[in-house]
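Hi everyone, thanks for having me. Let's take a look at a protein together, and please have the sequence and the picture open while I talk.

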Amino acid sequence: MAAPDQQSTTATDEPVQPTSLRVVSYNLREHTANSELAALAESSEADVLCVQECDSNDLAPSIGGLSLAASTRTNRLGLAIYKRDDRFEVQDFSIHSLQKSLHDRVLAPAHERLIAMHLRDTEADAEVVVASFHASPLTATNSLRRKQIEAAHQFLRDLAKDVPAVMVGDFNYPWFQTNLRRKIEQHGFALSLSDQPTYLRYRKFTGHFDFATSVGLHIAGVETLPAGISDHRPILVRAHYEHPGETGTVVTIESPAA
């Protein structure tokens, strides 16, 4: 018999590696970058792809191994979510309008600003909510955008109360993010910015417009991906479940202020 220090280690003694979840978000700039989605899905190895400013009537049913799970229908600038069929089963989804800015009322770019999807992750034996979000533009106030974000988080909780969630998209909130972070954390969510600015239209006008908020997930990193033809760069959110195989318990946020 081999000495104790010479015995082999069994597989059960090895640490369990956390299951990775890769979520990509991309603002298509009024659908002009739609042709880039297939290559983006493949190069990023996305599990879920969330898009903003898309033409819902011109979205491919599948791209880069992902299938179109849901999209808005009433928006001029729509939202959509693609997901990997061999990994995720759709449990439910919901589409929501949020408080309107003056820009929204006059130009009507987006009646619906949130699409949230409750997924069963068969690979991780877990559930997760993934959402694509598009806040009102910079002509609106930060206060209004904070209300939109707070309301969006409540809709995520309403869809699947104790399930980990991640919301990605164009938050249109490049400045005063310390206050935004504080407000988000008060309601149980975390704010995660990417490693580089995401808006490129003007040389002297850049910032983190696209980022992620989450609850019940460990965010391993948010990477700003190479620029395409959109004025926004896509982002890749790498996340892990905090409680693999369980939904866990998360903070229930208060109802948004009127």
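In which sense do strand β8 and β9 pair, and over how many bridges? Strand β8, residues 126–134, pairs with β9 in the parallel sense, and there are 6 bridges between them. Two strands pair here if DSSP finds at least two bridges between them. The element names come from DSSP runs too: helices are H or I runs of at least four residues, strands are E runs of at least two, and both are numbered from the N terminus.

A quick word on where this comes from. This is a predicted model, where local features need pLDDT of at least 70 and side-chain atom pairs count only at pLDDT 80 or more, while totals for chains, interfaces and linings use all residues. Residues are numbered from 1 along each chain as its sequence is written, and side-chain values use heavy atoms, with hydrogens and water left out.

Back to our strands. Together with helix α3, residues 142–159, β8 and β9 make a right-handed β-α-β unit. Right-handed means that, with the strands pointing away from the viewer, the path from the first strand over the helix to the second runs clockwise.

Strand β9 has another partner: 6 bridges join it to β11, and these two run antiparallel. There, Met167 stands opposite Thr213 in β11. Is β9 enclosed or open? Because 6 of its 6 residues are buried, β9 is largely enclosed by the rest of the structure. Buried means under 20% relative accessible area, exposed means over 50%, and partly exposed is in between, using a 1.4 Å probe and protein chains only.

Now for some rings. The whole structure holds 3 aromatic pairs. Rings of Phe, Tyr and Trp (its six-membered ring) pair if their centres lie within 6.5 Å; planes under 30 degrees apart count as stacked, over 60 as edge-to-face, and the rest as tilted. Phe171 and Phe211 are stacked, because their ring centres are 4.3 Å apart and their planes are at 20°. Phe171 sits in the loop between β9 and α4, and Phe211 in strand β11, so this pair ties together parts that are 40 residues apart in sequence. Phe171 is buried, at 0% relative accessibility, and Phe211 is buried as well, at 0%. Ring pairs also link Phe133, Phe171 and Phe211 into a cluster.

Next, the inside. A nonpolar core is a set of buried Ala, Val, Leu, Ile, Met, Phe, Trp, Tyr and Cys residues joined through side-chain atoms within 4.5 Å. The largest one has 25 residues, and Val23, Val48, Val130 and Val237 have the most contacts inside it. Among the elements that give two or more residues to this core are β1, β2, β8 and β9. Strand β13 gives the most, with 4 residues. Apart from this core lies another one, of 24 residues, among them Val129 and Phe211.

Let's zoom in on Val23. Leaving out residues up to four places away in sequence, Val23 touches several others, including Val48, Cys50, Val130 and Val168. Contact means heavy atoms within 4.5 Å.

Finally, the cysteines. Cys50 counts as buried, at 0% relative accessibility, and Cys54 does too, at 1%. How many disulfides are there? The count is 0, where a disulfide is a pair of cysteine sulfur atoms within 2.5 Å.
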